[in-house]
Protein chains: 2
Amino acid sequence: MPDSAAANTASANPSSSKPTTTSTSTPPPPPPQHKKALSLETINQAVLQVEYAVRGELAIKADKYTQTLDAGGSAASDLPFTKVVTANIGNPQQRGLDQQPITFWRQVIAMCEYPDLMGHPLADKIFPPDAIARARALHKDIGSTGAYTHSKGVLSIRRKVATFIEQRDGAAPGSVDPEHIFLTAGASAGVAQIMSVALRRGEGVMIPIPQYPLYTATLANLSCKPLPYNLTEETRWGLSSKVLATTLDDARSANVRAKALVVINPGNPTGGCLSYDDMKKIVQLCYDHSILLCADEVYQNNIYDRENKPFYSFRKVLMEMEDENVRRGVELVSFHSISKGVSGECGRRGGYMELVNIEQDVVDQIYKMASITLCPPVTGQIGVDLLVDPPKPGDASYDLWHEETSATQQGLKDRSAYMSERFNALPGMSCQPAEGAMYLFPQIDMPDRALQRAEELGKPADVMYALELLGAYLWAQVDARVRQLTFVVGGLADATGICAVAGSGFGQEDDTYHIRVTALCPGVEDYVKKIETFHKDFMAKYA
Amino acid sequence: MPDSAAANTASANPSSSKPTTTSTSTPPPPPPQHKKALSLETINQAVLQVEYAVRGELAIKADKYTQTLDAGGSAASDLPFTKVVTANIGNPQQRGLDQQPITFWRQVIAMCEYPDLMGHPLADKIFPPDAIARARALHKDIGSTGAYTHSKGVLSIRRKVATFIEQRDGAAPGSVDPEHIFLTAGASAGVAQIMSVALRRGEGVMIPIPQYPLYTATLANLSCKPLPYNLTEETRWGLSSKVLATTLDDARSANVRAKALVVINPGNPTGGCLSYDDMKKIVQLCYDHSILLCADEVYQNNIYDRENKPFYSFRKVLMEMEDENVRRGVELVSFHSISKGVSGECGRRGGYMELVNIEQDVVDQIYKMASITLCPPVTGQIGVDLLVDPPKPGDASYDLWHEETSATQQGLKDRSAYMSERFNALPGMSCQPAEGAMYLFPQIDMPDRALQRAEELGKPADVMYALELLGAYLWAQVDARVRQLTFVVGGLADATGICAVAGSGFGQEDDTYHIRVTALCPGVEDYVKKIETFHKDFMAKYA
């Protein structure tokens, strides 16, 4: 008991030496009985509506398996698999996947983190000269990586982003304003920043179905309404103007203002790349209906067929619209990230957003809100510098950089093609080939008995499929300390330890069933074989 | 124009080869006229209510001065000062301040970022063995710093945090649950996470006045109500039970539920350290009224007089309450950060929060919401590891670590004492000595004519004071390209280039006026002398 401190205060603070206000002449009301302040009934009810399947029940169960396997012993050897394959999340550098960090990135960042390295007499035995030069330049601009930066991010990096965008889109030098570029803690943080400023409760946002669940989660949290527009699976998840118009009509009938429209291009989970023509239609629609266009372009560097299905940015398409009113009118926010592409630096939390045609006083409000979070992580900002300004031919690091990034690109492309081909060869499974991003979204032709069983379990059939694929029902039994592990849902031997997310987490057409798997997993033949065996058994079991 | 791509899609996508839905038999309504989707009238109106003085008008103007000075030329030489002193924000490693990063931290982080360094044959010529060992251990637990971690943060680091808390508070080993510790992207991110889950629109949160404006900003954004409780300036910004009771009464009268109570200890901007006794009263009050206790304890390691005014955590006080119902009943969230203390690693965005006595299903909701942001920045998490487990006596890095951190502690303490002494010697200024944190919050006895002038300008008098101190009125004239730079508010020669935040940004008792200055600036004699000269001129001018 800190008597001295208490005494010290009592003498210094007149109010603490007096009885409290509750013991003055008139007796106060008794304090209300204690109840917890927070319960599911009393917290923000919007939170309860939020769903985020990528890290939901399945991921939690997969985590427990991993812990069980790591711990070893009989619980581990009871499991019918020796490792968990995390195909549920686009996390390329995750343990168990084989994407290595880009050497140039890590060399530069290590020197920025410990600047003594740049000046160390041994530096040139460890680092190539262009890495040292880049680290010196960044250190000069940024100072310590331990200091807050400008809330929009380091100005010199924002200037480089502007140049990158101009060159990517063939735009005039100086046409992109660095003051309208905000560095972010990844694209997700940028999306949350924009949505929370732009939207009022009850307003609607057009989102593709299937979508990345960040969007529905963010909208639920803001008490806003998703206005789904279904992508057309048969056309590699293409856009349909008719569907977009119907979505708008439905919103109008329901008296919901369509305030913004989200496009994910290349698509997550679909892997589709939009055509230039479809993008123009989206831009025109946003103009006609005064809709903010939010372009999630984080997979812009994950393109499998650059000749036939290249990436166009929405900025480029917008700036090439014929009507000047459209070019100046459509408000666009475009998001990019260091987490995907060939860098895959998810844990660093870095990215940027560009605001186009947004009124200055709204930009100022976005800046004010960004300032409350102080600044994006500094090495995430450095990652953006490295993303938009990689080594050039002739630089000391170029060859290694090229080798590393090409291997990553090629690996993704090859695995994706192999997987979709094999999935399409399976009875009861069909899969659109992906044109980009890092996922496949095969459809499962669910047998009637599987639908019945899912209904009994109170789960969507694709969730049941994903849980059986992982082997999660087994886990429930281990939890309950029941040792008869088999026959719980009809075949423990099926469990693969593969963690894939059910389509219902992303949204899908009624009465269709999908799973999303990443194309990141090494040993793809073995991994696909496990899925094939499981799938055939599943189909036979419920035939 | 990408004809091939467009043609490719047109043939693949039936809907794009048909006319859109707007050209079917019945003519559709014409699209509404284009208006921008986003304007101050149409965005989320709660955003307009948000204020964040630490990075507001003054900081923006200071930024422009810095850019002008960096650019050189006549605009720079017109200014009556040669550097901007950023005393507005607790950013210890900012350029121009002299706090250097802790060497051990940066060595470990550099190796985690570029693991080849650990195994490099030259490693032991560059890094001490304990830094290499720590980097190896972290790399083993985390894997790549470029991968997402668990959304609560790396488990092994959360376990270390639990041990740190137990040892700090003298609690039993194993009494802190790592599953109730969430690593965060700094304390600000943690506060936003908790508030956004805990609060419903219209609910109230008791906040100290003065406060760190993060709290009012967060509440405005959530459409919640601040319920201010004034700290008592004369008792070194101590707590008054009477004031707390009055605040609760006022809330009750206004029919506002007091859902949570924020305490900042040590205080920002006040520098006050709460006594154990006052803390017990807060805990009891939270129990009596079923209020969530949010303890902002980010300055827990910035304590100037550890014997007489030590730091106690609210967790410790809570766990030592006599009534078991209180110990088990009061819901506490405590925030800590790597941005303050002796590390000052603001730019890394790292910290943690501990949830105590929060119901498990609410913890699950907080986890779900954390999972949407995927994970805190990984090197911020590593920073937490280094914060809670620094080098020990006998370790190779201990002596240097001790020397570096002691110098930082002593520098803060000495500057703080020197500044408050000098401020108190000034006519028209009084200043409570700080007991901790990194700020001083002197009061200005504002002359009547200054109040009149401020009213004419439409600004609070302390904002006018802070703007004159910086020299910001000059800037407004340069902006307008008027070259008669003097006499705008009565004396350009006063302008110091010192950026300090007005008290009204933090809240203060009616008819009192303060500024907040950091105790971080090097060359403190010179810096204080500038403030003294300015202040005397200011008082004389408005006498």
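Author: A salt bridge here is a side-chain nitrogen of Lys or Arg within 4 Å of a carboxyl oxygen of Asp or Glu. A:Arg106 and B:Glu113 form such a pair, with their closest N and O atoms 3.9 Å apart. The rule finds 4 salt bridges across the interface of chain A and chain B.

The model is predicted: local features need pLDDT of at least 70, side-chain atom pairs count only at pLDDT 80 or more, and totals for chains, interfaces and linings use all residues. Residues are numbered from 1 along each chain as its sequence is written, chains are lettered from A and ligands numbered from 1 in the order in which they are written, and side-chain values use heavy atoms, with hydrogens and water left out.

Between chain A and chain B, 56 residue pairs are in polar contact, both residues being at pLDDT 80 or more. A polar contact is a pair of N or O atoms within 3.5 Å; within protein, one must be able to donate a hydrogen and the other to accept it, and residues adjacent in sequence count only if both atoms are side-chain atoms. On the side of chain A that touches chain B, helix H17 (residues 360–372) gives the most, with 8 residues. Helices (H or I, at least four residues) and strands (E, at least two) are DSSP runs numbered from the N terminus.

In total, 139 residues from chain A and 138 residues from chain B take part in the contact, meaning heavy atoms within 4.5 Å. The two chains bury about 10,800 Å² between them, 58% of it on carbon and sulfur atoms; this is accessible area (1.4 Å probe) lost on putting the two parts together, summed over both.

Chain A is superposed on chain B by a rotation of 180° with 0.0 Å of shift along its axis, at an RMSD of 0.0 Å. The two copies are thus related as by a two-fold rotation axis. The same surface serves both copies, 99% of the contact residues of chain A recurring in chain B. A:Ala110 is the residue of chain A that comes closest to the axis, its C-alpha lying at 2.1 Å.

As for the fold, 7 strands of chain A form an open sheet of mixed pairing, in the order S2-S8-S7-S6-S5-S3-S4; two strands pair if DSSP finds at least two bridges between them. Strands S2 (181–184) and S4 (225–230) of chain A stand at the edges with a single partner strand each, so one side of each lacks a neighbour in the sheet.

Note on methods
Least-squares fit on C-alpha atoms with pLDDT ≥ 70 in both.
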